[in-house]
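Here is a short exchange on how the labels given to a model are reached.

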Amino acid sequence: EVKYDYARIRGALSREVIAARPTSMWRYAELLPLDGPATVGRQVGWTLLVRADRLAKQLGVGELWLKNDGVCFPSLSFKDRVVAVALSKARELGFDSVGCASTGNLANAVAANAAAAGLHAFVFIPHDLEQSKVLGTTVFGARVVGIRGTYDDVNRLCSEIAGKYGWGFVNVNLRPYYAEGSKSFAFELAEQLGWRLPQHVVVPMASGSLLTKIGKAFRELGALGLVDPAPVKLHGAQAAGCAPIVEAVNKGADLIKPVRRPETIAKSLAIGNPADGYYAIRAIRESGGHAAAVSDDEIVAAMRLLAQTEGIFAETAGGVTLAAALRLLEEEKLPRTESIVVSVTGNGLKTTDPLASRLDPPTLIGPSLKEFDALASKEA
């Protein structure tokens with residue numbers, strides 16, 4: 001864990017100081033682990049917080065918000081936040097070659113940000129990753145290596161490569177710095193709510209790091225006097241085909257039982273042996289939150305519901321998060337009368353394949369008003 005001098009920060013950082021700064025994740029630079037100014041990803045962050053009134057009405061919820069990192073610059077996922085920190089730190093530490101093990105979004109973010117920073121990048125992915133995410137990595141010129149195995153196999157190999165070649169792997173030897181970047185998601189959320197904390201946040205879980213860092217960020221804001229300290233319940237979401245953290249939470253266990261062969265359309269969350277699983281379990285329990293695992297059909301239905309009520313096209317991980325929120329609402333573990341934030345962490349254009357066979361094709365007619373009249377009469 002990165003440690004900060006909170007007494008010094010409290011004297012230097014105020015709402016007024018933050019408000020005068022450019023709108024990016026670096027508004028909160030004192031709470032991010034760099035020794036100097038950011039050199040990579042200076043435009044990352046400050047994504048939209050959307051009040052989802054149409055969706056809330058349909059669900060019978062009083063106050064529902066969507067923190068939409070599906071529009072994060074430059075690669076359309078929250079991973080740009082963690083990569084901006086990790087690669088800025090890599091430069092401080094003297095690395096000129098960087099890499100990552102990825103289920104997709106991290107691959108995109110490392111490749112894009114490394115290209116902009118002039119860093120040589122190696123990206124290691126499972127061999128069966130969605131082609132849209134493979135394309136969205138190779139276009140930036142990174143050396144992409146597919147591994148015949150699961151994400152956990154990829155991650156183990158990257159640990160060995162980092163040790164032998166001395167490269168800076170963002171989620172291996174740079175991981176303590178990388179993980180801190182997730183806090184900016186929560187810092188922005190609190191500021192965009194008028195410097196107040198929501199009562200509930202629903203978070204997708206792969207490694208579990210995002211959920212734990214959101215909790216840490218809220219504690220830091222309270223300790224620094226930037227918000228009035230208040231309890232925030234953290235709720236974790238996973239796909240049923242790879243839900244080791246949810247399973248542990250719901251069984252009351254402290255240890256993760258790894259999933260050997262993940263089976264889900266939400267490939268970005270398909271980490272069978274999550275590095276921060278233990279800490280995510282503890283964060284959920286200590287906050288009084290809950291966890292839910294949802295089927296592939298529920299994921300697709302939630303993606304469609306979000307798109308058709310709020311005009312937001314989320315990737316499968318966003319479908320997981322909303323579907324889990326729906327499940328928790330049904331189970332009365334998520335109160336409809338309290339403020340709820342649903343985390344949307346990636347853009348739907350990254351994962352179109354799961355929808356291709358589940359959406360109706362366009363209606364075809366000739367270039368004739370008569371044919372359209374016939375169609376319109378059926379719609380009436």
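This is a predicted model: local features need pLDDT of at least 70, side-chain atom pairs count only at pLDDT 80 or more; totals for chains, interfaces and linings use all residues.

Q: Why is the pair of Y165 and W167 called tilted?
A: Rings of Phe, Tyr and Trp (its six-membered ring) pair if their centres lie within 6.5 Å; planes under 30 degrees apart count as stacked, over 60 as edge-to-face and the rest as tilted. The structure holds seven aromatic pairs. For Y165 and W167 the centres are 5.0 Å apart and the planes stand at 35 degrees, so this pair is tilted.

Q: What makes the pair of W167 and F169 stacked?
A: The planes of W167 and F169 are at 20 degrees and the ring centres 6.5 Å apart, so the pair is stacked. Y165, W167 and F169 belong to one aromatic cluster, which also includes F122 and F124.

Q: Why does W167 count as buried, and how is Y165 classed?
A: Buried means under 20% relative accessible area, exposed over 50%, and partly exposed in between (1.4 Å probe, protein chains only). W167 has 17% relative accessibility, so W167 is buried. Y165 has a relative accessible area of 49%, so Y165 is partly exposed. F169 is buried, as is W167.

Q: Why is S97 called buried, and which residues does S97 touch?
A: S97 has 11% relative accessibility and therefore counts as buried. Contact means heavy atoms within 4.5 Å; by this rule S97 touches H120, W167 and G168, not counting residues up to four places away in sequence. S97 lies in strand 3 (residues 97-101), where strands (E, at least two residues) and helices (H or I, at least four) are DSSP runs numbered from the N terminus.

Q: How do you know that the charged end of R27 sits over the ring of W46?
A: The rule asks for NZ of Lys or CZ of Arg within 6 Å of the ring centre and within 35 degrees of the ring normal. The charged end of R27 sits over the ring of W46, 4.5 Å from its centre.

Q: What makes strand 1 and strand 9 edge strands?
A: Two strands pair if DSSP finds at least two bridges between them. The open sheet has six strands in the order 1-2-10-7-8-9, with mixed pairing. Strand 1 (48-51) and strand 9 (291-294) each have a single partner strand, so one side of each is left without a neighbour in the sheet.

Q: Why is strand 10 called mostly covered?
A: Six of the six residues of strand 10 are buried. S339, V341 and S343 point one way, and I340, V342 and V344 the other way.

Key:
Residues are numbered from 1 along each chain as its sequence is written. Side-chain values use heavy atoms; hydrogens and water are left out.
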